[in-house]
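These are my notebook entries on one structure.

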Amino acid sequence: MENKTPLQGLGVSFPQKHSATGTTIFTVMSALAQQHNAINLSQGFPDFHIDTQLSQALGDAARNGHNQYAPMAGLPALRQSIAANFKKRYGLHIDPEAEITVTPGATYAIYTAFTAILQPGDEVIILEPAYDSYIPNIEMNGAKVVPVSLVAPDFHVDWNRVKDAITPRTKAIIINTPHNPGGAIWDKADWDQLAALVRDTNIVILSDEVYEQLVFDGAKHYSVLEHPELRQRSFALYSFGKVYNCTGWKIGYCIAPAAYTQAFRRIHQFLSFTVNTPAQHALTYILANDTAPAIHEVMQHKRDHFLSLIRQTLFTIHTPAKGSYFQIASYERISDLPDMEFAQWLTKEHGVATIPVSAFYSNKKDDKLIRFCFAKKEETLNEAVDRLKRLG
């Protein structure tokens, strides 16, 4: 992607590094919500306070002088706490020195992993609808995006489609479970299917597992790290922001085999080099003391409350979210508008901002679906749905 954009300054033309244009749909809808005083159920962030022990730990770290650069790979104590946490929750042994890298957010980790492995001419399979950073990340590294559609409305994988998309140029496949925006989760059989497809190839797996602790109804999150065969060829990517409701801290981490981690750190050291030191100390304290509330219980309560409310409206819920903090809804009984126009109309005329699901497809596929974020205070959800009840 080396086409020239019309943007110029002081006689300089700026190369168009990726195909995305303008600002992201999340920025657009949040700005529209603010302009029209709408309740913002579009962008994925909580509107409630973080755990007081976490905020106290952050302040303590700054007051105690932990304000200078942390080691490039992350605080050793934090990486050790992450490894201990995975041992406790998954029974996995992870080497904190050779396999864990702390990053300024999971989106950064995704970009860094792609940059570590991709060369011009490579192909990367993405499963759509997909988080909107995947395509620009791939294209900025000179690689080609190969989109494969999941099957709506439950967003399961059609493995024949994935098989047909693999070519000798396929360098990577990026997975997202629990899924944004669809709320689907993978089970062990999905990982086995993927393993069978990539066996005897050099295809690398990127597993975006930022919502791994937000799984509902007693279901289990299966990580790529639990699959012995796939673990050896995978970057697993995580977010503290999603677990502790501190998305503005922008701290995540990457777990990968030692050789993959070395390649990852070769890029990381020249991008951000290091990550917010006081926040790393605060997260180390919370992980080591295991004091935070069970986030899946908090979010399941919010999901269940939102579902009980939205079912009183004309929106249709085909599949309750099994994970993440997003719920897909159909507006088929309300309007025939394209989903982008419907989302804008809903924001302007009825005061509730959402995300049109077509924004998560490279071809803007429109199934008349919108995404709600239910990671909000109860009163926020109540007021939003009160407004939605007026539709019809």
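I began with helix 12 (residues 295-310) and helix 14 (residues 378-388), whose axes come within 10 Å and cross at roughly 20°. That angle makes helix 12 roughly parallel to helix 14. The crossing of these two, helix 12 and helix 14, is right-handed.

I note the basis of these entries here. The model is predicted, so I took local features at pLDDT of at least 70 and side-chain atom pairs only at pLDDT 80 or more, while totals for chains, interfaces and linings use all residues. Residues are numbered from 1 along each chain as its sequence is written, and side-chain values use heavy atoms, with hydrogens and water left out.

I also record the conventions for helices. Helices (H or I, at least four residues) and strands (E, at least two) are DSSP runs, numbered from the N terminus. Axes are lines fitted to C-alpha atoms, for helices over the stretch in contact, and angles run from 0 to 180 degrees between N-to-C directions. Angles under 35 degrees count as roughly parallel, over 145 as roughly antiparallel, 65 to 115 as roughly perpendicular and the rest as oblique. A crossing is left-handed if the near helix is turned anticlockwise from the far one by less than a right angle, and right-handed if clockwise.

I then looked up helix 2 (residues 52-63) and helix 11 (residues 277-289): their axes come within 8 Å and cross at roughly 135°. Helix 2 and helix 11 are therefore oblique to each other, and their crossing is right-handed.

I found an open sheet of three strands in the order 11-14-13, with antiparallel pairing (two strands pair if DSSP finds at least two bridges between them). Strand 11 and strand 13 (355-356) stand at the edges with a single partner strand each, so one side of each has no neighbour in the sheet. Strand 13 pairs with strand 14 (residues 369-373) in the antiparallel sense over two bridges. Isoleucine 355 stands opposite arginine 371 in strand 14.

**Aromatic rings**

I read 21 aromatic pairs in the structure (ring centres of Phe, Tyr and Trp, the last by its six-membered ring, within 6.5 Å; planes under 30 degrees apart are stacked, over 60 edge-to-face, the rest tilted). Tyrosine 211 and phenylalanine 326 form an edge-to-face pair, at 5.8 Å centre to centre and 80° between the planes. This pair links distant parts of the chain, 115 residues apart: tyrosine 211 lies in the loop between strand 8 (204-208) and helix 8 (228-231), phenylalanine 326 in strand 11 (residues 326-330). Both tyrosine 211 and phenylalanine 326 are buried (under 20% relative accessible area; exposed is over 50%, partly exposed in between, with a 1.4 Å probe and protein chains only).

Phenylalanine 240 and tyrosine 244 are stacked, at 6.3 Å centre to centre and 15° between the planes. They are four residues apart in helix 9 (residues 240-244), and so separated by about one helical turn. Phenylalanine 240 is buried at a relative accessible area of 4%, and tyrosine 244 counts as buried at 12%. One aromatic cluster is formed by Phe86, Tyr90, Tyr238, Phe240, Tyr244 and Tyr253.

**Loop residue**

I looked up glutamate 212 in the loop between strand 8 and helix 8. Glutamate 212 counts as buried at 5% relative accessibility.
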